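Let's take a walk through this protein together, starting with single residues and moving on to helices and strands. Keep the viewer open as you read.

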Amino acid sequence: MGNADTKLHFRKAVIQLTTKTQPVEATDNVFWDQFWADCSIAVQDVFALVPAAEIRAVREESPSNLATLCYKAVERLVQCVDSGCPSEKERQIVLNCTRLLTRILPYIFEDADWRGFFWSTIPGAKRSGQSLDEDADETEDRPLAESLLLAIADLLFCPDFTVQSHKKSNSDALEEMRSIDSCEYIWESGVGFAQSPSLNYIHDRNRTELLKLLLTCFSEAMYLSPSSDSQVLNPWVSFFCSAENRHALPLFTSLLNVVCSYDPVGYGIPYNHLLSSDYREQLVEQALQALIVTLEHETGSHMSAALQAMDCSSSNASEEPEPAGPDNLFVNYLSRIHREEDLSFVLRGLAQLLNNPLIQTYLPRSTKKIHFHQELLILFWKFCDFNKKFLFFVLKSSDVLEILVPILFYLNDARADQSRVGLMHIGVFILLLLSGERNFGVRLNKPYTLHVPMDIPVFTGTHADLLIVIFHKIITCGHQRLHPLFDCLLTIIVNISPYLKSLSMVAANKLLHLLEAFSTPWFLLSAPQNHNLIFFLLEVFNNIIQYQFDGNSNLVYTIIRKRNVFHQLANLPTDEASIQKTLQKKKKKPGISRLNSTDGESMEGSRPAAPAEPGTLKASLEATPGIDKITEKSQVSEDGTMIAVPHSCSSTTASRRRTINGASDTESNSERDHEVFIGSQTSRSRMSSVSSTVAWTANSDWMVSWKSRLPLQTIMRLLQVLVPQVEKICIDKGLTDESEILRFLQHGTLVGLLPVPHPILIRKYQANAGTAMWFRTYMWGVIYLLNVDPPIWYDTDIRLFEIQRI
C-alpha cells in the first residue's frame with residue numbers, strides 16, 4: 001500500500017504541474033519538493049507517471065513551470081553534493097531528481113527554442129575558482145548545464161552512495177566531499193589503479209542511474225540534423241571532458257576499468273544469471289555507452305598522430321615539454337595509455353567480452369550472453385584510431401585473432417538481417433583498418449582450430465581461409481544492402497594477399513567463384529563501377545602468385561582448372577552489338593542476387609541468417625564514402641616501409657561513389673545500389689525514383705577504357721607455362737587424382753618465367769568527415785535502440801537518424 005500511495009502522491013504532483021496556468025514561484029519549496037522529497041519512485045514508474053504528452057503540454061503552455069522544475073531539480077542535486085549525502089533521505093532525493101531529469105531532458109532537446117535553456121546562466125551559481133563572497137557579474141554565473149554535469153561527476157564519487165567510504169565516521173562527510181581525491185575511489189582495478197574494491201550492488205545501481213542521466217545530457221546530438229562538419233562539438237561532452245571537471249581522470253579510468261574487467265561468466269555456475277539480477281552488467285553497459293560518447297566528439301583523427309609522440313610517464317612529463325593534446329581529456333587520456341600491462345588488460349578485456357556470445361556449453365543457454373558487442377566494437381575502433389601503440393600491440397602477437405574471430409562471427413551471423421547493417425559496416429571498417437598493417441596479414445597464417453558455431457563449409461586451414469570463406473558468404477548470401485561493402489571486403493583481401501602463405505582448396509575455390517560471378521557480362525554491365533571488383537580480385541591473384549607462389553599450390557591448381565574464366569575475361573566483346581545483346585538478356589535476369597545461383601557448390605550446413613523479427617526497430621545510417629575516399633594507397637618498399645602513393649584520377653576506384661543508408665524499407669534496392677556519393681554529405685542520403693542507372697548506359701568506349709587495363713599478364717603467363725606441363729604429366733603418367741597434380745605444382749617453380757614482380761600496394765584506412773558522421777549516427781542509433789528500460793528517447797523527435805519498424 002505504501003508504494004501505491006507514493007505513486008498516487010507523485011502523480012497528483014504531476015497533474016498539479018500540468019494544470020497550473022500561473023507560474024509557480026521557485027521559492028515554493030512545498031510544491032516542488034513533492035517531486036523528489038519523501039518518496040521513492042522507481043525510474044520505470046517515473047516514465048509511466050510523467051507522460052510525454054504532458055511534458056510537451058507544460059513546455060508549450062507553462063514554459064516557466066518547466067524551467068523552474070529543471071532548475072529546482074538541479075539545485076537539489078547541487079545541495080546534496082554540498083552536504084555529502086550523509087542520510088538515506090538525501091540519497092533518495094538524488095535518485096528521484098536523477099530519474100526526473102532523465103525523463104524530461106529529451107523533450108527539452110527536441111525543441112530548438114528550448115535547447116539553449118540549460119546553457120543560460122543561473123544567478124548565484126559561480127564558476128570554479130570563485131569564492132562565495134566574491135562580487136561577480138552575472139556573466140560569471142555558471143550555466144545550469146555546467147552545474148548539472150559537475151554535480152553528476154561529484155555524485156559518481158560520493159562516499160557511501162556510489163563508492164565505499166574510506167572514513168569510519170560520517171561526521172566529516174561535508175569536508176570529504178569538497179576535498180575528496182577521487183583518484184582514490186576509482187571503481188575497479190586495471191589501468192592506473194591496482195586496488196579492486198569490493199562489489200556493492202547498491203553502488204552499482206546508483207552509478208548506473210547517474211550514468212543514464214549523463215548519457216541523456218549528452219544525447220542533445222540526437223536532436224540535431226546530421227552534419228559532416230567535424231568542428232560542430234557537443235557542448236555537454238566538451239564541458240564534461242574539459243579541465244573544469246576535476247574528476248575527469250578517475251572517471252575515465254573507472255569507466256574503462258569497469259568495462260574491461262567485467263567477466264559475465266564468472267565461476268561458470270550454470271544458469272546463475274537466471275537466478276539473480278546482475279547489477280554489474282547494467283553498470284558495464286551504461287559505462288561503455290558513456291565512454292564511447294565522450295570519445296566521439298574529437299575534431300579529427302589527426303590528433304592521434306600528434307598524440308603518439310607524447311611521453312606518458314609522469315617523470316618525463318615534468319622534464320620535457322609535451323605537445324598540446326586535444327581539449328577532450330578523455331581522448332587525451334586514452335591516447336596516453338602505453339604500459340604493456342595496461343594495453344594487455346584492455347585487449348584481454350575486450351577480447352573476452354567479444355568472444356562471450358561464441359561460448360558453447362553442453363547445457364543450452366546455461367552461460368550468460370552479453371548483448372553490447374556493438375559498443376565494444378566502437379570502443380575497440382576508438383582505441384585503434386587514437387592510440388597507435390595499442391594498435392601495434394594488438395598486431396604484434398596472435399592476440400589479434402582473438403578479436404578477428406568474433407568479428408567474423410558477427411559478420412556471418414548478421415549478413416542477411418537488414419536490421420544489423422550497421423554492425424556489418426563497423427566490423428568491416430575494423431578489418432579494413434587492421435588490414436592496412438603488414439602484421440595483420442602475417443598473423444592470419446596461423447591455423448584455425450576453433451569450433452565456433454558458424455554456418456560455413458567445413459575446411460582445414462588458416463584464419464585467412466576463414467576470413468575469405470565468410471567474406472564469400474557475405475557477398476553471395478548476404479542482404480542486398482551490403483552491396484556497397486563489396487569494395488571494402490575485397491580491399492581487405494587485397495591488403496592481406498601478399499602475406500598469405502598457403503590458402504586451402506575451399507578458400508581458393510571461393511575466390512575463383514567470386515571472379516566467375518563478377519566477370520559475367522550481365523553483372524559488368526549493371527553499373528559503371530562493377531568492373532572494379534574484378535580489378536581487386538586480379539590483384540589478389542597477382543600478389544599471391546608473385547610473392548607466395550611456393551605454398552599456394554591449391555590456388556594455382558584452381559586457377560588452372562578455372563582457366564576459362566580468365567580467357568573469357570580477356571576476350572570480353574567490346575563492340576556495341578554484343579553489349580546491346582547482353583543488355584537485352586540482362587533485363588530478363590533477376591538482378592545481383594544471381595550471385596547465389598552461379599554458386600554450384602554444395603555448402604555443408606549452409607543456412608541463411610535469420611531475418612529480423614516482425615516489429616524490430618532499426619535506426620537509419622548516414623552515407624559512407626566510396627573505398628577511394630576512405631583509403632589512401634601506400635606502396636611497400638623493399639625494406640618493408642610504406643611509401644604514400646599520390647592520388648591518381650585514373651585509379652581503378654576513382655569512379656566508385658557507393659553509399660549505404662538506412663532509408664525506408666519500401667524503397668527499391670536496385671535504386672539504392674547506384675546512387676552517387678555527394679562529398680558534402682550535409683544532408684541525409686535518400687534514394688529517389690530517378691536512379692543514376694537511368695543516366696548511364698554501357699557502351700563500347702567505356703568497355704575498352706577499363707578492359708585494356710586488366711592486369712592479366714601474370715596469370716596468363718602462369719597458364720601459358722603450367723597448363724602444358726600439367727596436361728603432359730597427366731597424359732604421361734595417367735594421373736586422375738588431383739592430389740598428385742597438387743604435389744607436382746608444389747615442387748614447381750616459375751622463377752624467371754613471370755613478369756617482373758609488381759610493387760605491393762596497400763590501401764590503408766583514411767579518416768574523413770563522411771565516416772566520422774557515419775560513426776556518429778551509428779553510435780547514437782545503437783544507444784537509442786538498446787536503452788529500452790526505461791525507453792529514454794522513445795517517441796521523441798530524433799533528427800540525427802530515423803527509426804523504422806521492420
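A residue counts as buried when its relative accessible area is under 20%. Cys85, with a relative accessibility of 0%, is therefore buried by that cut-off. Please bear in mind throughout that the model is a predicted one.

Stay with Cys85 for a moment. This cysteine sits in the loop that links helix H5 (63-83) to helix H6 (88-109). You will find Asp160 in the loop between helix H7 (144-155) and helix H8 (173-179). Is Asp160 buried or partly exposed? Its relative accessible area is 26%, so Asp160 counts as partly exposed.

Now step back to the chain as a whole. The protein chain contains 38 helices and seven strands. Of its 806 residues, 57% count as buried. Take the contacts between residues at least 6 apart in sequence: 80% of them join residues at least 24 apart.

Gly478 belongs to the loop between helix H23 (463-477) and helix H24 (486-496). Gly478 and Gln418 are 60 residues apart in sequence, while their C-alpha atoms are 9.4 Å apart in space. If we leave aside neighbours within four places in sequence, Gly478 is in contact with Arg415 and Lys473. With a relative accessible area of 25%, Gly478 is partly exposed.

Next, let's look at a pair of helices. Two packed helices are described by the angle between their axes and the distance between the axes. Helix H17 (residues 340-354) packs against helix H18 (residues 373-386) at an angle of about 155°, and their axes are 10 Å apart. Angles over 145 degrees count as roughly antiparallel, and H17 and H18 are therefore roughly antiparallel to each other. H17 passes H18 in a left-handed crossing. On the H17 side, the contact is made by Val346, Leu347, Leu350, Leu353 and Leu354. H18 contributes His373, Leu376, Leu377, Leu379, Phe380 and Phe383. What kinds of residue make up the contact of H17 with H18: nonpolar, polar or charged? They divide into 10 nonpolar, one polar and no charged.

From helices we turn to strands. Strands of a sheet pair through backbone hydrogen bonds, either parallel or antiparallel. Here, an open sheet of three strands has the order E5-E4-E6, with antiparallel pairing. Strand E5 (642-644) and E6 stand at the edges with a single partner strand each, so one side of each has no neighbour in the sheet. Neighbouring strands of this sheet are turned by 40° against each other on average, direction ignored.

Glu632 has Lys764 in E6 as its bridge partner, and Ser634 stands opposite Ile762 in E6. How many of the six residues of strand E6 (residues 760-765) are buried? Six of the six are, so E6 is largely enclosed by the rest of the structure.

One last stop is a proline. Pro790 lies in the loop between helix H38 (769-786) and strand E7 (803-805). The peptide bond from Asp789 to Pro790 is cis, with omega near 0°.

How values were computed: Residues are numbered from 1 along each chain as its sequence is written. This is a predicted model: local features need pLDDT of at least 70, side-chain atom pairs count only at pLDDT 80 or more; totals for chains, interfaces and linings use all residues. Side-chain values use heavy atoms; hydrogens and water are left out. Axes are lines fitted to C-alpha atoms, for helices over the stretch in contact, and angles run from 0 to 180 degrees between N-to-C directions. Helices (H or I, at least four residues) and strands (E, at least two) are DSSP runs, numbered from the N terminus. Angles under 35 degrees count as roughly parallel, over 145 as roughly antiparallel, 65 to 115 as roughly perpendicular and the rest as oblique. A crossing is left-handed if the near helix is turned anticlockwise from the far one by less than a right angle, and right-handed if clockwise. Contact means heavy atoms within 4.5 Å. Ala, Val, Leu, Ile, Met, Phe, Trp, Tyr, Cys and Pro count as nonpolar, Asp, Glu, Lys and Arg as charged, and the others, Gly among them, as polar. Buried means under 20% relative accessible area, exposed over 50%, partly exposed in between (1.4 Å probe, protein chains only). Two strands pair if DSSP finds at least two bridges between them.
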